[in-house]
Structures are given as C-alpha cells and as structure tokens.
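Thank you all for coming.

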Amino acid sequence: MDKTIDRWTDPDGNGYAFKDTVARAQNRATIDKMNAETADRKSELDIERKRIDNLIKELPATAGEYQQSKLVLHSYGNTAVKCTTTSGNYTNVPAFTTDQGGPLSSLYTKKSNYQIAVNKSGLYLFELRIHVNSLIANKRVELAPFVNDTRIAALASSYNTAGNFTLTQVAALPLWLSANDTVDFRIAPIEAVEVSLQLGDVLVYAIDWEDKFKIPDYTGYAAETKDIRTGADGTVYGTAGEAVRKQIGNITEDLGNFKINNVAGKSVLLEQSISKKYVYFNTQYKLLGFGNNEYNTCKIYKIEKNKKYYLIAYGKNNEGYPLAVFADNLIEEGTTAYTDYILGEENSLSMNNLSFRAKTDGYMYVNAINASCGVFENLAISESEENSYKMQNAKKYKLSTYGEFQKLDIDVKEGVLFDVLSKSEKAYDGDRYTILENDNTLDTIKVTGYSFSENTSYPLICFFDEYMNVIEMYGAPSTLYTNEIFEIPYRTKYIVINARNNISLEKFIPRNGLFEKINRLSDELLKPVSFSKIKGLKYLEQKYEVKNIIISDYEVLSKIIYNGNGNKITSDLFNTVLIPIDLELDSIKILYAIGVYGGAFLDSQKNWISSFSTNKTGVIYNVPINTEFIAYTCYKDHGSFELGINFNLYASEQLKSQASSSFKNPWEGKKVVLLGTSVGFGSNATKSYMQEASNYLGFTLVNTSVPGLAIHTNTDGTKLIYGSTCLSIAEYKEQGMNIPDAPKDYVPGGSYNDYYRTWEHIFTEENADADLWLYAVAPNNGNFKLDDWNAFNKSSWKYNDGSSFDSHRTTFIGALLYLMDKMYTLNPNARMAFVLDSAFAYGDSEGKGNLETVSKQWGIPLVDLWGKINRSPKSLEVIKSKNGTDNHPSTFGHEKMGMMMAGELLRIG
C-alpha cells in the first residue's frame with residue numbers, strides 16, 4: 001500500500017486520511033461483497049456490520065500521540081581548558097557545568113560537568129558554540145565527541161586561530177545513541193602544542209527517539225470523551241474541546257498573571273535519622289552507601305510518586321556528597337540500589353533550597369548539617385502577593401523617619417535561650433529570650449538583645465513562618481545589639497529574640513497624615529517619590545552590585561524584542577524579561593549581550609520610556625526617571641543572566657538600616673590564592689579557616705593547599721616525601737611522579753589535590769589577577785638554615801654571586817624566595833602576606849622564625865593565627881583535632897580561625 005499526498009490509498013486508488021481507515025473500508029467492501037454473493041450468511045454479516053460501525057464510532061479522530069523535536073538541554077558556564085603537549089593524549093572539556101533542561105529534559109541525566117547520559121534511544125543533535133585560541137599562531141587542536149568513552153572519529157574536527165586571540169565557531173554534531181549511552185567531549189593537540197578551547201554553550205536537541213510517536217489504546221475512549229463534556233459545575237457542553245476551552249478560560253480569568261514561588265511548608269514525617277553519617281552514591285555500581293562525618297546527619301523520608309516537595313539539604317555537585325539520594329528500600333547501614341539523586345549547585349559543600357516532584361514511591365536519604373535541613377511539603381506563594389507585600393513594606397521602611405517607635409509588652413523567659421535550629425529551649429543562667437506571634441501589624445521593629453557565640457543556634461533574632469521553618473536569622477558571634485532595626489520578612493509568623501541582660505522590642509508607628517503629605521509631594525513632582533526626596537535622609541554613596549537574574553522568576557514576553565523606537569518586534573530567537581525595580585537605580589551595566597538591539601525602560605504601566613542596546617557588554621545606561629521595569633532581551637532558551645546595577649544609599653539619625661551601612665568591605669568580589677599544607681587544606685576537619693574567611697568577606701578563594709607538601713627540596717635536588725612546591729612538572733616526572741592535568745573539586749579534608757604540588761599550577765595566567773597571595777607554608781619543611789638568605793642581596797633582588805634562584809631551592813628561605821620570584825614574574829604588582837596557622841614548625845629556629853625574618857626585612861604582613869588563639873590546655877582540647885591530640889585544627893578550630901582571619905584581612909585592607 002503506497003503513501004500518497006492524500007495520505008493513504010488502497011489498491012483501487014481510493015484516497016483516505018488514515019491508514020487504519022483504509023483497512024476498515026476494505027473490510028467493509030469485503031463484507032458487502034460477501035453479502036451479495038451469499039444470501040444465507042446475511043444475518044451474520046449484519047451483526048458484523050453493526051460491530052464495525054460501532055467500533056468506528058468509538059475511535060477518536062486522532063491517529064496517535066506525536067511529540068515534536070525540541071530542546072533537551074542547554075548548558076553553559078563552562079571553563080576553558082588547554083590540551084596537553086602530547087599528541088593523542090585527550091583532555092576532558094567541561095560541557096555541562098550549568099545545565100538548563102528544555103521541554104524534553106526527561107531524555108537526559110547529568111553525570112558530571114563533563115558528561116551526560118541519554119535516557120532513550122534516538123537521534124540527537126549536539127550544537128556547540130566553540131571558543132578557541134591557538135596561543136601560538138595556527139597551532140591546531142582536535143575536538144572529538146566520545147560515546148561510552150569511545151572516540152567518534154567521523155565527527156572529530158580541528159580548530160585554530162592565526163594568533164593569540166579567541167575565535168568563536170559553531171558546530172552541529174548528530175549522534176545516534178542507545179539508552180544509557182554517555183556523551184562527553186575531549187581535545188588533543190595536533191602539533192604537540194597547547195591550545196585553549198572552551199565550550200561556551202552546548203545545546204542538545206532530540207530529533208527522533210523511542211516513543212516519540214505513540215499509538216493510543218482506544219478501549220473506552222468514547223465513554224471517557226463523553227464524560228469530559230460535563231464541566232465541574234454540571235454544565236454539559238456540545239464537545240469535549242468546548243468543555244476544556246471554556247473551563248480553562250475561566251481558570252485563566254481567575255488567576256490572571258498568577259505566578260508562584262515555592263517555599264517550605266509543613267515538615268514531612270521523618271522515617272529515620274542516622275547521626276554522624278552522610279549518604280553518597282556510586283554511578284558505576286548503582287548503589288548508595290554511607291560515610292562517616294561527626295557533624296552530619298542522614299535523614300530518611302518516605303515520599304510519594306508525583307507529589308511535589310521542598311528540600312533543604314547540605315551537599316555539593318558531586319556523587320560523593322550529594323544533597324539527597326532516592327531508593328526503593330530503607331536501610332540504616334550497608335548499601336542498596338538507588339533510583340535517583342539530587343546534586344548541589346556548588347562544587348564545594350553548601351546549603352541548598354529547592355522544590356522537586358517525586359518520580360517514584362520510595363525513600364529519600366537527605367544530607368543534613370543542622371536541624372533546619374529536611375523534606376517539607378511544597379508551599380506555593382503568589383509572586384504578585386509577595387511583591388505587593390515587599391513594595392508596601394519598602395515604602396514604609398523608607399518613610400520611617402516620619403514616624404516613631406512604640407515599646408511593646410513582651411513575655412520574657414528567664415534562665416533559658418531558644419535554639420532556633422532544634423526549636424527548643426536550653427537552660428542558660430542569666431540569659432533570656434522572648435517569642436511572639438506576628439499579628440500582621442508589624443512591618444519595622446527595633447530590637448535590643450544579644451547574639452551568642454553559637455550564633456547559628458542562638459542568634460539575636462530569628463524569623464519563622466507558620467510551620468516554624470527559619471526564614472531569616474541575624475547576629476554576629478558574641479555581640480550586644482542596642483536598638484537594631486529590622487524589616488519583618490515576608491510570611492513571618494513568629495519572632496524569637498535572644499538576650500543576655502537587656503531585652504526589648506519596639507514597633508514602628510507612622511505619624512498621622514504622613515502618607516497624604518507624601519502623595520501630595522508625589523503629585524507635585526509628577527514622578528514617584530524617591531528616597532532622596534524624603535526630608536531628613538542623607539545621601540551616603542552609590543553602590544554597584546551584580547544581580548543574577550533567574551528568568552523563570554519574572555514575567556517574560558515570549559518572542560518579543562523592543563527596538564530603538566519602542567516598538568515590539570517579533571523574533572523566534574529571543575524573549576524579553578520584565579524586571580521590576582525596587583531600588584533607586586542610577587544606571588545599569590550590560591553584562592550579558594546577545595549581539596542585537598533589544599532592551600527598554602518602562603513605566604509603572606509598562607509603557608515604553610526609552611530603549612537601550614544589548615548588542616555588547618560593558619556599556620552603561622542611565623535609568624530614566626519614572627522607570628519601574630527594565631525590559632531585557634535574552635535568548636529564548638537561556639535560564640539566567642547577570643546585570644550590573646548602580647543604586648543610591650541613604651541614612652538618617654532616626655533610621656539605621658543594615659543596607660545603608662557606610663562600612664566598605666575591601667575584599668568583597670576579590671580573589672585570594674592560598675599556598676598551604678594539610679592545615680590550610682582542612683585535614684581532620686570538615687571546614688578550612690580560609691574558606692570560612694571567604695564566606696565572611698565574600699572573596700573568591702583559590703586553595704592550592706596540599707597535605708604533606710614542603711616548599712624546598714632535599715640537598716640533592718630531589719623532592720621531599722610528599723613533594724616540593726618549587727619543583728616543575730618536568731622535574732617531578734624525572735623523579736617518577738606524574739602531576740595531574742586538572743585539579744579536583746576542593747572539599748575540606750577530602751582527597752589530596754596533587755595538581756597543586758608544583759609551582760607551575762599555582763602561578764598561572766588564571767591567577768594573574770589575584771588580589772592577594774597568602775603563604776601558609778611553614779609546616780613539613782626541615783632545612784631552615786639562613787645560608788641562602790645571607791647570600792641574597794635584599795636591595796637588588798638577586799644573589800650576590802649572580803647565581804640563579806633555581807640553585808637556591810634546598811633551604812626553606814631559598815625556596816620561598818624562588819616562589820616569590822615566580823609570583824612577581826607573573827604579576828609585578830602582586831600583594832602577599834605570610835600566615836602561621838598551626839603548631840607545626842612554630843619555633844624561632846623553624847618556619848616561624850624564617851618567616852619573621854623575611855617579614856621584618858620588607859614589611860610583608862605576617863598573620864600569626866596560632867599566636868593569637870587561646871592555647872590553654874582546655875582550649876586546645878577543642879581547637880586541635882582528635883580531642884586535642886593532633887596539631888591539625890579541628891572543625892571548631894577552623895571556624896574560630898576563620899573569624900580571626902577575616903579580621904586580619906580587614907586590617908591588611
């Protein structure tokens with residue numbers, strides 16, 4: 001039977017809409033012929049005719065369920081890598097660092113930043129945006145896809161540039177894949193020379209796949225279709241389509257532009273809790289298991305298929321420490337097969353909040369770091385409702401200069417504090433707390449109290465929702481607060497205040513006639529009242545921040561671009577995101593460009609004011625008066641982008657706002673590189689002091705610490721037992737040790753990062769922009785003689801006999817000068833400091849004495865953490881690890897040293 005333009009034809013040339021209609025027609029023709037030829041079978045044929053007629057009436061008017069070819073995923077945020085200098089030696093290229101699932105996201109599973117697996121057999125198209133830099137003119141690199149770790153030679157291709165600059169190309173690679181096949185991309189040099197390559201974007205499309213077309217089961221369709229015609233209110237519609245359209249229309253009218261934010265609701269019933277354990281999974285063996293961790297708890301919950309939940313968990317983007325793992329079975333030890341998992345957003349351990357829908361019935365194993373972690377019912381909050389609350393609250397907050405605070409009568413509980421994580425009282429002589437229920441009359445409050453050293457459990461103030469889930473908490477360790485002002489966060493139901501001696505709470509009361517006065521002022525100015533127009537408020541400064549815009553959080557104009565005249569232009573490639581403004585913006589900076597015009601400032605009614613261009617990055621546009629929305633153009637499949645904003649800060653004597661603080665953190669957004677040992681690495685702990693300092697001050701930390709590593713060599717030039725930083729990759733190789741080509745994800749106290757055993761992987765172009773270099777390198781060294789120091793000319797930065805730095809690497813100071821020379825060669829403007837972070841080599845004739853000598857000579861800051869920490873016998877039991885028997889700091893020790901380090905960095909400035 002041939003397919004024609006009329007869809008299907010029978011042997012006689014008759015055309016039909018569907019293939020099965022041909023069969024039915026031929027069957028009917030056969031029956032008619034039999035009826036004419038055999039009269040005595042007429043009764044049987046009548047019965048058959050009726051059966052076929054009824055069957056045809058029962059069939060729906062569709063031939064089956066058909067799915068279009070669409071996007072499976074879009075990945076971005078991948079770092080550039082360099083190929084090795086050995087031909088045929090392939091290097092993995094990050095391709096799936098940040099993955100944004102498309103309409104067909106069920107067809108893939110992310111395995112790592114380098115690899116995905118497809119869940120169904122089919123034809124997939126990989127579209128790659130490739131940034132290549134030959135570094136040396138015309139040197140080529142091969143990029144090849146690997147399926148199940150096998151190179152696909154037919155799709156391998158070479159790339160190069162004519163000089164040391166970056167060129168962008170786009171490649172489309174079709175791959176026929178079976179279910180569970182893995183795909184990754186690797187590069188190798190063609191002329192045995194390093195070439196840099198980055199996959200800026202990877203878009204994966206499913207062209208054809210298993211179950212793309214499904215033939216439906218027709219049984220019972222007619223009855224179900226008739227039932228659809230009856231609406232929820234009992235109205236019977238003429239057709240199923242009319243019933244659906246009408247009722248969906250009613251829902252749309254009710255909801256309007258309703259958008260929701262997912263938040264934690266009531267806690268799900270806990271099935272089991274395993275203290276001092278965390279869950280992990282192994283993709284090779286398809287099993288989950290448990291690891292030991294003194295500070296972790298593995299919580300187990302029973303979940304139901306297709307039900308939506310909210311997760312708060314502690315983990316990272318790695319199978320060794322995920323947020324959660326799913327399984328069919330409940331176990332407390334050993335291993336069992338897992339069915340799914342949820343990874344964290346970061347490569348380091350961190351808290352994560354997210355909503356998800358359970359794919360199957362079973363059990364969920366959750367990694368928890370404190371009592372706030374767990375699985376909760378998912379609660380949907382209207383975005384418009386929340387935004388309305390925020391706008392109203394912000395207005396009152398800005399106008400608080402025109403009101404007064406009124407003291408409230410509160411019920412104070414003496415001799416106890418409230419642990420906000422375990423949600424329980426704890427006895428503490430002389431201390432006190434209060435808890436009160438928000439009756440929706442509170443929007444701004446003034447608080448006096450105390451935040452204790454255990455501030456994660458006993459902060460100054462904590463806001464809870466109706467389910468006693470923590471919304472926000474505030475308070476620095478061991479700090480007294482007097483008349484501190486707070487806005488009440490959205491959805492606050494309960495407020496807890498802890499204190500030592502004095503405790504008080506006041507609410508803000510606006511003055512009579514205030515809002516009428518402000519509205520008159522607004523009418524006179526013919527524009528919204530800005531913060532600067534309110535009497536009594538003093539302009540402090542303009543602040544610049546980078547905002548991460550999550551597109552799904554905002555209203556999106558699909559396939560729309562604003563042109564330079566304010567007209568809306570249709571485009572199949574782009575969408576426009578409407579970003580509401582809740583600050584007094586002075587200007588915006590374009591950090592995400594799409595190569596075309598498209599962008600506008602809109603008023604409160606979303607009417608066009610003026611346009612800006614998203615053609616290129618780095619351009620700054622002033623924000624017009626009356627702007628309430630920023631209409632920003634983005635690729636239609638993009639998940640997020642960054643936008644720079646300049647906004648004004650104000651303060652007054654009557655109002656003290658955390659956001660209006662004149663304190664400037666000199667380290668926020670900066671980059672710090674740490675050269676360290678097992679102490680800086682966090683051995684015997686789950687935290688490291690520099691990571692803690694990074695969390696406090698907001699700088700990016702590059703931690704190159706390696707346990708056991710020294711900086712100098714033996715007298716014969718060979719490495720010490722665990723390595724010597726002053727050796728090159730080639731020198732290590734000569735001594736039988738191979739240095740990895742890429743670093744591991746840093747985890748405090750995790751597996752060793754051999755990548756950083758050589759200076760060549762520390763003083764790299766990627767670190768040339770470091771704002772500070774920290775040398776915590778005293779431990780593990782043995783030769784602290786001053787021969788090289790005495791032979792060094794401190795004024796001319798060279799040895800008196802003209803010898804090279806290479807020939808002075810056998811002493812601690814000689815190796816230190818060698819590393820400092822590499823640093824200054826990389827960046828002549830480099831800043832540095834020394835750090836003493838443990839009892840190791842803490843002697844005047846050891847590392848401490850050597851570092852003090854160099855520090856005094858040139859005025860290099862020396863941060864003596866170990867000298868400033870409490871080292872009484874009882875304190876050392878908790879500051880040192882293993883109950884005070886090991887000189888490596890404990891997790892508690894790293895936490896305290898991290899606070900101290902943050903203070904020391906602020907002094908360095």
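Let me begin with a term: a residue is called buried under 20% relative accessible area, exposed over 50%, and partly exposed in between, with a 1.4 Å probe and protein chains only. What you see is a predicted model, in which local features need pLDDT of at least 70 and side-chain atom pairs count only at pLDDT 80 or more, while totals for chains, interfaces and linings use all residues. Residues are numbered from 1 along each chain as its sequence is written, and side-chain values use heavy atoms, with hydrogens and water left out.

First, the aromatic residues. Rings of Phe, Tyr and Trp (its six-membered ring) pair if their centres lie within 6.5 Å, and planes under 30 degrees apart count as stacked, over 60 as edge-to-face and the rest as tilted; by this rule there are 39 aromatic pairs. In one of them, Tyr-632 and Phe-641, the ring centres are 4.6 Å apart and the planes stand at 25°, so this pair is stacked. Tyr-632 is buried at a relative accessible area of 0%, and Phe-641, at 3%, counts as buried too. Elsewhere, Trp-789, Phe-792, Trp-797, Tyr-799, Phe-805, Tyr-824 and Trp-858 form one aromatic cluster.

Next, the salt bridges, by which I mean a side-chain nitrogen of Lys or Arg within 4 Å of a carboxyl oxygen of Asp or Glu. The structure holds 26 of these salt bridges. Arg-151 forms one with Glu-142, the closest N and O atoms being 2.9 Å apart; here Arg-151 is partly exposed at 33% relative accessibility, whereas Glu-142 is buried at 14%. Glu-852 and Lys-848 also meet in a salt bridge, at 4.0 Å from N to O, and both lie in helix H12 (residues 847-858), four residues apart, or about one turn of the helix, where helices are DSSP runs of H or I with at least four residues, and strands are runs of E with at least two, numbered from the N terminus. Of these two partners, Glu-852 is partly exposed, with a relative accessible area of 22%, and Lys-848 is buried at 14%. Finally, a network of salt bridges links Asp-149, Asp-184 and Arg-186.

And which residue has its charged end over the ring of Tyr-818? That is Arg-809, 5.1 Å from the ring centre, the criterion being NZ of Lys or CZ of Arg within 6 Å of the ring centre and within 35 degrees of the ring normal.
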